[in-house]
Amino acid sequence: MKKLIALLFIVVSLTVGAGYAAYAQESGTVQTEKVDAEQTKTFHQGMKDRFIEGGPVWMAPILLTLIFGLAIAMERIIYLTLSATNTTKLINGIESALNKGGVEEAKKLCRDTRGPVASIFYQGLMRYDSGIEEVEKAVVSYGSVITGRMESGISWISLFIALAPMLGFLGTVVGMIQAFDDIAAAGDISPQIVANGIKIALLTTVFGLIVAIILQILYNYIISKVDSLINSMEDTSITFMDIMYKYTKK
């Protein structure tokens with residue numbers, strides 16, 4: 001335990017010392033033009049430079065998790081956005097179609113309406129001749145299928161959310177080990193020896209956490225849209241079955 005505490009103390013001391021040495025060097029020896037150039041860097045340029053400094057070995061996997069996670073998230077957002085339907089208008093249209101042209105007219109309306117809710121109602125109307133119980137079973141069964149489609153791929157986003165910081169922490173641990181190897185090779189604990197290795201090690205964690213934060217926000221947004229669509233689908237299905245029961249009694 002004492003050895004572990006001593007090791008942590010050395011790491012903290014080296015990190016603080018490295019930061020102080022870098023600050024002293026920048027304030028005392030860097031030319032004015034270079035300082036001005038650093039100050040005029042945009043946030044985007046600064047992030048790009050830091051990313052390059054992190055090295056391709058650890059930054060490339062973190063970047064891949066971001067790319068794949070964003071691709072799946074964008075696909076899900078587009079799919080869920082297109083799945084949204086004006087359910088009130090659809091329900092009123094089905095009720096009106098049943099009163100005017102019967103089941104066939106209601107089927108036509110559902111075929112011409114975009115979205116999963118219309119597809120569920122169409123499946124129910126297809127089984128109207130088999131009885132109202134079969135209509136209800138079809139609505140429930142196909143509703144479960146639609147729910148599975150809406151949730152498809154979301155688990156991959158949660159995987160990338162967990163994987164990005166784990167890769168960052170792994171890069172940090174490996175970088176710290178490399179820093180201690182540099183100390184052992186040099187036989188000195190001077191901050192200049194390990195400053196670069198420690199910086200690279202910490203950069204992997206920073207970018208891993210940034211990726212996880214971005215994907216977590218998108219993940220929560222997608223989950224909220226799925227929940228909203230499911231609630232709307234269930235509520236509208238109840239209203240649809242009430243309309244079908246009333247139509248059957250006519």
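This is a predicted model: local features need pLDDT of at least 70, side-chain atom pairs count only at pLDDT 80 or more; totals for chains, interfaces and linings use all residues.

**Entry 1: the overall picture**

I began with the fold and found nine helices and zero strands in the protein chain. Helices here are DSSP runs of H or I with at least four residues, strands are runs of E with at least two, and both are numbered from the N terminus. Read from the N terminus on, the order of elements is α-α-α-α-α-α-α-α-α.

Residues are numbered from 1 along each chain as its sequence is written, and side-chain values use heavy atoms, with hydrogens and water left out.

Next I checked burial. Of the 250 residues in the protein chain, 34% count as buried (under 20% relative accessible area; exposed is over 50%, partly exposed is in between, with a 1.4 Å probe and protein chains only). The accessible surface of the protein chain is about 15,100 Å², and 63% of that belongs to carbon and sulfur atoms (Shrake-Rupley method, 1.4 Å probe; for residues, only the protein chains shown count as cover).

I also looked at contacts (heavy atoms within 4.5 Å). Among those between residues at least 6 apart in sequence, 79% join residues at least 24 apart.

**Entry 2: the core**

Which residues have the most contacts inside the largest nonpolar core? I found I94, F121, I222 and F240, in a core of 46 residues. Helices 4 (56–83), 5 (87–111), 6, 7 (132–150), 8 (154–186) and 9 each supply at least two residues of this core. Helix 9 gives the largest share, 14 residues. The term covers buried Ala, Val, Leu, Ile, Met, Phe, Trp, Tyr and Cys residues joined through side-chain atoms within 4.5 Å.

**Entry 3: helix 6**

I then turned to helix 6, which spans residues 116–126. Eight of its eleven residues are buried, so this helix is largely enclosed by the rest of the structure. The buried ones are P116, V117, A118, I120, F121, Y122, G124 and L125.

Not counting residues up to four places away in sequence, F121 touches L90, I91, I94, C110, T236, S237 and F240.

**Entry 4: aromatic pairs**

I counted three aromatic pairs in the structure (ring centres of Phe, Tyr or the six-membered ring of Trp within 6.5 Å; planes under 30 degrees apart are stacked, over 60 edge-to-face, the rest tilted). One of them, F121 with F240, is stacked, at 4.3 Å centre to centre and 10° between the planes. F121 lies in helix 6 and F240 in helix 9, so this pair ties together parts 119 residues apart in sequence. F240 is buried too, at 0% relative accessibility.

Another pair, Y128 and Y247, is tilted, with 5.8 Å centre to centre and 55° between the planes. Y128 sits in the loop between helix 6 and helix 7 and Y247 in helix 9, so here too the linked parts are 119 residues apart in sequence.

**Entry 5: along helix 9**

Is S237 buried or exposed? I have S237 down as buried, with a relative accessible area of 13%, in helix 9 (residues 191–249). A polar atom of the S237 side chain lies 2.7 Å from the backbone oxygen of M233. Beyond four places in sequence, S237 touches I120, F121 and V139.

I moved on to G208, also in helix 9, and found it buried at 0% relative accessibility. Leaving aside neighbours within four places in sequence, G208 is in contact with I62, A164 and P165.

L209, another helix 9 residue, is partly exposed, with a relative accessible area of 38%. With neighbours within four places set aside, L209 is in contact with P165 and F169.

My last stop was T205 in helix 9, which counts as buried at 14% relative accessibility.

Note on methods:
A polar contact is a pair of N or O atoms within 3.5 Å; within protein, one must be able to donate a hydrogen and the other to accept it, and residues adjacent in sequence count only if both atoms are side-chain atoms.
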